[in-house]
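I opened my notebook to look through one structure, a bit at a time. Here is what I looked up.

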Amino acid sequence: MTARSAKAAPARPARRTSTVRPPRPGGGPRRLYTRLRRAWDRPLTAYYLILGGSLLILVLGLVMVYSASQIKALQSGLAPSYFFRKQLLAAAIGGVLLLAAARLRVRLHRAMAYPLLAGSVFLMCLVQIPGIGVSVNGNRNWLNLGGPFQMQPSEFGKLALVLWGADLLARKQHKKLLTQWKQLLVPLTPVAFLLLGLIMLGGDMGTAIILTAILFGLLWLAGAPTRLFTGVLGGAVVIGALLILTSANRMSRLACIGATDPGPGDQCWQAVHGIYALASGGFFGSGLGASMEKWGELPEPHTDFIFAITGEELGLAGTLSVLALFAALGYAGIRVAGRTEDPFVRYAAGGVTTWIMAQAVINIGAVLGLLPIAGVPLPLFSYGGSALLPTMFAVGLLIAFARDEPAARAALAALAERKPGFGRKPAGVRWKTMRRRVMGRPSGER
């Protein structure tokens, strides 16, 4: 054996065998679920749901108001876009109110509670004065503002009750008075009954039901005992039953629940034709603008029964989309109310969410034939500036509360630092003429 051969040849590195791990069973769906859950639990989720959901409902509502109101306008001798232009103007004013409410501090919201309540009560009293109040569809709840513009003060009474009730309960909670049932009821319940009495003088039971729902929502959030809550609810049911039994119009509306034919004297004409509109829409509808029921068959196609026209023209897909948007808005409102440490924010957010969700349920339930026709519009969707303005301000409240959470404030601040404004460049970055971005060199370097 020679010396050359004695030298050991360099050892070759061992060949690595790649080990392929078998995929975990169900790893894909589980990973997707984890990502969705993380995205759902982010601090800004409620903020985006409220902002995006409300804007989508508003835009879709404007489209449907234009489609559903053209024939009604032509039958009244008006331009086809008459009701749409009025709704668009109300939406523009409401957008200003939404931005103002979203930018105001919580203390300013609390400061405007008492003036808003006093102004609402004053306007609702003016409605009952002969020569000043105006009757529409048998309900005396309107004020004439001149020309084609009218206002329904009871719509602003909803917002007033939410803000004033939230401020009242927050101050009592700070003084630890909510453990006494008298402090829970007084003066919240008497003031709510005052508003209800002024509304019922005009015969508008639908708005009274919404106001009652707001009252119960505030009492529930304040931790009212079950016996107290049941007692107030029982009293409200008894009063409501008496009001229904003493009115032939309300009894006829109650008899139209689940009706499949107009009945004697066509008393269920509106309820039945609402079902006809939904049934003829199918899965994807007859097409935008192609509704047949709006040609004089369905009364109020652009206000109380706009959901029926939506089902006829956009089908089941359109109505489910509207329901999903309202569900997202309601979830976001509950989330804001549940995660805050401020009592006023909790009561106000809960009151606004109760208001919007209860009104949506009553309107959609009446169109589906599950509830009596109460004559309340679909929030942010139906035609009516008096209902749209306070509702958009209330949505601005939810946006402000969602932004005011500590985690949301930190996330928004981080987002603002990450995305510089238009026309500004990040620190240490300069722009070349060839549209290339290069890191700025320190001064003196060639």
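**Before starting.** I am working with a predicted model, where local features need pLDDT of at least 70, side-chain atom pairs count only at pLDDT 80 or more, and totals for chains, interfaces and linings use all residues. Residues are numbered from 1 along each chain as its sequence is written, and side-chain values use heavy atoms, with hydrogens and water left out.

**Helix pair.** Helices here are DSSP runs (H or I, at least four residues), numbered from the N terminus. I looked up helix 10 (residues 205-221) and helix 15 (residues 343-367), whose axes come within 9 Å and cross at roughly 145 degrees. (Axes are lines fitted to C-alpha atoms over the stretch in contact, and angles run from 0 to 180 degrees between N-to-C directions.) The crossing of helix 10 and helix 15 is right-handed, meaning the near helix is turned clockwise from the far one by less than a right angle. Contact means heavy atoms within 4.5 Å. On the helix 10 side I noted Ile209, Ala213 and Gly217 among others, and on the helix 15 side residues including Gly350, Gly351 and Trp355. The contact residues divide into 10 nonpolar, 5 polar and 1 charged. (Ala, Val, Leu, Ile, Met, Phe, Trp, Tyr, Cys and Pro count as nonpolar, Asp, Glu, Lys and Arg as charged, and the others, Gly among them, as polar.)

**Empty space.** Rolling a probe the size of a water molecule over the atoms shows where empty space is left. On a 1 Å grid over the protein atoms alone, a cavity is a set of points where a 1.4 Å probe fits but cannot get out; a pocket is an open set with protein on both sides within 12 Å along at least five of seven lines; lining residues have an atom within 4 Å of a point. Points are joined across faces, edges and corners, and a volume is the space filled by probe spheres set on them.

I found 3 cavities of 30 Å³ or more. The largest cavity has a volume of about 50 Å³. Its lining includes Gln87, Gln359 and Phe381, and helix 16 gives the most, with 3 residues. That lining has 7 nonpolar, 5 polar and no charged residues.

The second largest pocket holds about 240 Å³. Helix 4 (82-103), helix 16 (385-403) and helix 17 (406-418) each supply at least two of its lining residues. Its lining splits into 6 nonpolar, no polar and 5 charged; Arg103, Asp404 and Arg409 are among the lining residues.

**Salt bridges.** I counted 4 (a side-chain nitrogen of Lys or Arg within 4 Å of a carboxyl oxygen of Asp or Glu). In one, lysine 158 pairs with glutamate 155, the closest N and O atoms being 2.9 Å apart. Both lie in helix 7 (residues 153-174), 3 residues apart, about one turn of the helix.

**Backbone.** Most residues other than glycine have a negative phi, and most peptide bonds are trans. The bond from valine 186 to proline 187 is cis, with omega near 0 degrees. Lysine 176 has a positive phi, near 60 degrees, and sits in the loop between helix 7 and helix 8.
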